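Take a walk through this structure, one feature at a time. Keep the sequence at hand for the residue numbers.

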Amino acid sequence: MNLDTLYQEVILDHYKNPLNKKLSTTFDAQVHHINPSCGDEITLNLSAADGSITSITWDGVGCSISQASVSIASDLLAGKTFADAQAITDQFVDLMQSKGKKVGDEAILEDAVALAGVSQYPARIKCALLGWMAVKDAAIQAQSK
């Protein structure tokens, strides 16, 4: 099995079996993001305590890329400090802006490296970033409380 096939399987698994896809009724911040170019949308709830993200829950509709990406982000960033979550998000954004020239650091991005190929398709980059930008927005709101 080649790496591209493995990455496609990771994306499909997150799409078919999304992590944290059930909005928590308790949260410190809630955001709703829409990708106007394709109609993907998510609502995301973030809880925080002591400078860390304690949970990320979400619900949404959209393509396999957007839904898998928010599943990955919600799993990877929960439990991290706000600073660590921002550093990981910055690495993911850098990967998405690489136009296919970077593969990402699996030790940091974990399953998110499976989305590296998306960076070759400008129309799909917004799909991959939708959930990550929602987490970033919610983290800013939660920290300002």
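This is a predicted model: local features need pLDDT of at least 70, side-chain atom pairs count only at pLDDT 80 or more; totals for chains, interfaces and linings use all residues.

Residues are numbered from 1 along each chain as its sequence is written, and side-chain values use heavy atoms, with hydrogens and water left out.

Start with the strands. Helices (H or I, at least four residues) and strands (E, at least two) are DSSP runs, numbered from the N terminus. Strand 1 spans residues 29–34. Its covered face holds Ala 29, Val 31 and His 33. Gln 30, His 32 and Ile 34 make up the uncovered face. Two strands pair if DSSP finds at least two bridges between them. Val 31 has Leu 44 of strand 2 as its bridge partner. The two strands form a hairpin, with 6 residues between them. In the turn, Gly 39 has a positive phi of about 95°.

Ser 47 sits in strand 2, residues 41–49. Is Ser 47 buried or exposed? Its relative accessibility is 12%, so Ser 47 counts as buried; buried means under 20% relative accessible area, exposed over 50%, and partly exposed in between (1.4 Å probe, protein chains only). The side chain of Ser 47 reaches the backbone oxygen of Thr 26 at 3.4 Å. Leaving aside residues up to four places away in sequence, Ser 47 touches several others, including Phe 27, Asp 28 and Ile 53. Contact here means heavy atoms within 4.5 Å.

Now the cysteines. A disulfide is a covalent bond between the sulfur atoms of two cysteines. The rule applied is a pair of cysteine sulfur atoms within 2.5 Å. By this rule the count is 0 disulfides. Cys 63 is buried at 19% relative accessibility, and Cys 127 is buried at 2%.

Last, the aromatics. Rings of Phe, Tyr and Trp (its six-membered ring) pair if their centres lie within 6.5 Å; planes under 30 degrees apart count as stacked, over 60 as edge-to-face and the rest as tilted. The count is 1 aromatic pair. The ring centres of Phe 92 and Trp 132 are 4.2 Å apart and their planes meet at 15°, so the pair is stacked. Phe 92 lies in helix 3 (residues 82–96) and Trp 132 in helix 5 (residues 122–143), so the pair ties together parts 40 residues apart in sequence. Phe 92 is buried, at 0% relative accessibility. Trp 132 is buried, with a relative accessible area of 0%.

Conventions. A polar contact is a pair of N or O atoms within 3.5 Å; within protein, one must be able to donate a hydrogen and the other to accept it, and residues adjacent in sequence count only if both atoms are side-chain atoms.
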